[in-house]
Amino acid sequence: MSQPLILVVEDETSLLRFLVPSISTQGYQVLTAATAAQGISMARSHNPELVLLDLGLPDADGLTVLSEIRSWSRRPVIIISARHQEREKVRALDLGADDYLTKPFGAAELLARIRVALRHVAQKATPEAVFDCNGLRVDLERREVSVHGENTRLTPIEYRLLEALVRRAGRVATQQQLLSEVWGPGSEAQNHYLRIYMAQLRKKLEADPNRPAFFLTEPGVGYRLNSE
Amino acid sequence: MTQPEHSNPLLLALGSDAQAVRLIHAAFWAAREKHRPWIALHVHVPSEEAADEQDQARLWLEEAQSLGAATLWIQARTRVAGLLEAVKQTGAGEIMMGWGQDRWPWGRLGHSTAQELLRRQPAIRITSIPLGPEIPRHSVFPPKTERLGALFGSLGILGACAGLGAILPPELPLPAIFLLFLLATALIAQRWGLGAGALAVAASGLIFDLAFDSAQGSLTVGNWPMLALFLVVLGGGQFAVALSERLNQQTRASRRRAALQAALLLLGRNLAKGTTHREVAEALNHLGERLLHRSIHLLLLQKDGHWKPLLPPGPELEFAIPTFLPNAQREALEPHLDGTHAYLPLGHGGALEGVLCITAHHYNDLDEEAWELLRGFAVQVALALERVRWLDTAQRAKLENETERMRSALLGAISHDLRTPLAGIQGAASTLLLSESIPESTRRDLLAMIHGESQRLTQLVTNLLDLTRLESGAIRVQKEWHSLQEVLGSALRRTESQKTQVEIDLPENLPLVAADGALLEQLLINLLENASRHAPGCPVALRAWTTASTLEIKVADQGPGIPDAYRTRVFDKFFRLPGRGQDGGVGLGLAICDAIAKAHGGTICAESNPGGGACFHVSLPREDPPPLPPAAEEMAP
């Protein structure tokens, strides 16, 4: 287990020609599968640290591969999707995918997503009680929030929202996940709650709420707490 | 016969009767099909033709003329002589004429005339158009009720006479009663015809003999001279009635003929105005109501074999879908009777294309004149439909031209915009592949160029796809509640690389708007990119506010601005302001903005910016957002 093993389930050779070298030069081992069936069987036999999964596969929907993997493994899965696949993307995330990339994407973006996902696995083993990045500090144990050393008071809902984002720091949190975690199951349709409270969080914590640096919007999907 | 086919005119021999309409119709189609001129001819034989027939023949020639025929009027001693004279004058190689059972006269030449003609001019080709038999006058719809009515009516009248005779003072002489019966039988004969009259005579004789003759109650033949007188007087009366009736008929016929001509003229004028099938149908229906007091409907035969009525059915617009199967054998203009409706098929080049459906509640007054008028209508309608078809074709051709022009402009723009970055990428990549000793700085430059150009290509393809999907309706606007600030933040992040300074003026507590987040973001991105492209280095001002029913956004730059003449055209696909050269845009960004604004039920327009530069004003409809969640637990922790 010296080098993490990454399984790439992708059928487009031109994309593979770019994916495989960019991943392997960063010290990861790479395995590739071109179909859903092959992807599932290789995930079972090799148990990779991370799966890059394209949603459009020739033999089956990428979502079936995802739910198959999720039936026995909690290891990170990053979805690769085309534009205009917002719904599938959101469904994959709600089904337990960890993050997504939208084609076309660059190598830097790809490697950043892989890093965050693998780091998150490591964090799960020993959860960090404090998030500290770019001047935003959230102490989950003491329930304290500060920006550049200045303490900020949040309402309970604002804090719960922030907490939910911090626990996914660097990864995307879908609207459904946030709504159900903050307002409880059954509030998934009330996305206007989310808009209002995100605006309040930004107003209290961002230097310029018009150009958020911490709370990034993932259009059509959800939000991401910037951890880079 | 040495003349080339196309210049060789077609000669159409016309008579004076109504069947000429069919001949004109047939010749019109034949001439059109063969692209040949045609000449309508009438041979006037003075000894055989009455004045009104001449008038009628002239009318038919005029009709033919209105359909593009040249006309010829030849006076001759015999038909054959006239026809030969016409052939000589026109150099025609082919004569079309009607052929039918009736003796009557010009439209329908018997075999003998054709044979005579061929014998004397063997080079001529004769095309005979079969004309069906005349429409039977009354036999089609036997007036059953009429017969019963005649019987009961006659009996009633005679009974009344007998009753009157019985109550008359007995001093009155028998001849008085006799005259009474005479009057009654004359009345019956005039009302119900000669047959009824004759029966009435017999019946009156019997009654008179039984009831009023000297030996009352017994049947005698003693009064036979009286009976004979009865018959003679009745016969004379009938003769007079018949004479006046014939005179009446002739007057009526000539009046009706005049009416028919006027009606056809009227219809022709009305149909000439129609440019659509519906207008043709309306003109026909209108005239049918006015002239025939019945509803005439135009039904067109669809390609799938169904009949399509051209006017919506209503209480006054009645029709029935024909039950007969549309087959090619059905002769055009041959009426078909079916239940409570009559149909006149309309042909086009031998194929059935539609029918006139005529309501016929009182069949017995749809007589030969009415049918003639209807047939005239049918011919006119068929021609009007043909005209509509040509108009349609012309219209479609024009539209196709336009589309083709658009398409080629589009293709030109796309291929140019696709090729330019591809050429760059190809060149840079081949340089990298070929030479091994490229200095590191050059290598990086080339790679940066490949990266940049491929991004531009991606942008172009994405824009094209977006626009296509928006315009084809493949993208459905999925409205959700959004904060403009958030959408704008996301748009700013995606346009960060352009390093444009954006001054934002959003009011505090701008309400949420129901919009498609991705599309709204795209709209803002396109406006920001547009501004930074046309006014590089200048700050862009973005201002938003709400009214009671709208969200208003203005994006203003300080670039060269948009000339007034192009204010609306800047939203056209692939439109680029002339004289701005290659600025990296492909002319799709604003077209996408326009499509997005419209998809939201809003508008976008280019306004003049008081401070110079361009200003785009977006206005989207807005509603009040739903209430917030209960704030009971919203206390400070």
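Q: In β17(B), which residue is the bridge partner of B:K554?
A: In this predicted model, strand β15 (residues 550-556) of chain B and strand β17 (residues 614-621) of chain B run antiparallel and are joined by seven bridges. One of the residues of chain B to look at here is B:K554, whose bridge partner in β17(B) is B:H617.

Q: Which strands stand at the edges of the open sheet of five strands in chain B?
A: The open sheet has mixed pairing, and the order of its strands in chain B is β12-β14-β15-β17-β16. A strand at the edge has a single partner strand, so one side of it is left without a neighbour in the sheet. In chain B this applies to β12 (502-505) and β16 (603-608).

Q: At about what angle does helix α14 of chain B run to β16(B)?
A: Helix α14 covers residues 589-599 of chain B, and it lies across two strands, β16 and β17 of chain B. Relative to β16(B), the helix runs at about 130 degrees.

Q: Are α12(B) and α13(B) parallel, perpendicular or oblique to each other?
A: The axes of helix α12 (residues 484-494) of chain B and helix α13 (residues 517-534) of chain B come within 9 Å, and they cross at roughly 50 degrees. Angles under 35 degrees count as roughly parallel and those from 65 to 115 as roughly perpendicular. The two helices, α12(B) and α13(B), are therefore oblique.

Q: How many nonpolar residues does the contact of α12(B) with α13(B) have?
A: On the side of α12(B), the contact is made by B:V487, B:L488, B:S490, B:A491 and B:R494, while α13(B) brings B:G517, B:L520, B:E521, B:L524, B:I525 and B:L528. Sorted by class, this contact has two charged residues, two polar residues and, as its nonpolar part, seven.

Q: How many of the eleven residues of α12(B) are buried?
A: The buried residues of α12(B) include B:V487, B:L488, B:S490 and B:A491, and these four residues also take part in the contact with α13(B). The helix α12(B) is mostly covered, and its count of buried residues is nine.

Q: Which element gives the largest share of the side of chain A that touches chain B?
A: The contact takes 26 residues from chain A and 27 residues from chain B. On the side of chain A, at least two residues each are supplied by α6 (156-167), α8 (191-205) and β11 (215-218). The largest share of that side is seven residues, and it comes from α8(A).

Notes:
Residues are numbered from 1 along each chain as its sequence is written. Chains are lettered from A and ligands numbered from 1 in the order in which they are written. This is a predicted model: local features need pLDDT of at least 70, side-chain atom pairs count only at pLDDT 80 or more; totals for chains, interfaces and linings use all residues. Axes are lines fitted to C-alpha atoms, for helices over the stretch in contact, and angles run from 0 to 180 degrees between N-to-C directions. Angles under 35 degrees count as roughly parallel, over 145 as roughly antiparallel, 65 to 115 as roughly perpendicular and the rest as oblique. Two residues are in contact if their C-beta atoms, placed from the backbone, lie within 7 Å. Ala, Val, Leu, Ile, Met, Phe, Trp, Tyr, Cys and Pro count as nonpolar, Asp, Glu, Lys and Arg as charged, and the others, Gly among them, as polar. A residue is buried if 20 or more other C-beta atoms lie within 10 Å of its own, exposed if 12 or fewer, and partly exposed in between; C-beta atoms are placed from the backbone. Two strands pair if DSSP finds at least two bridges between them.
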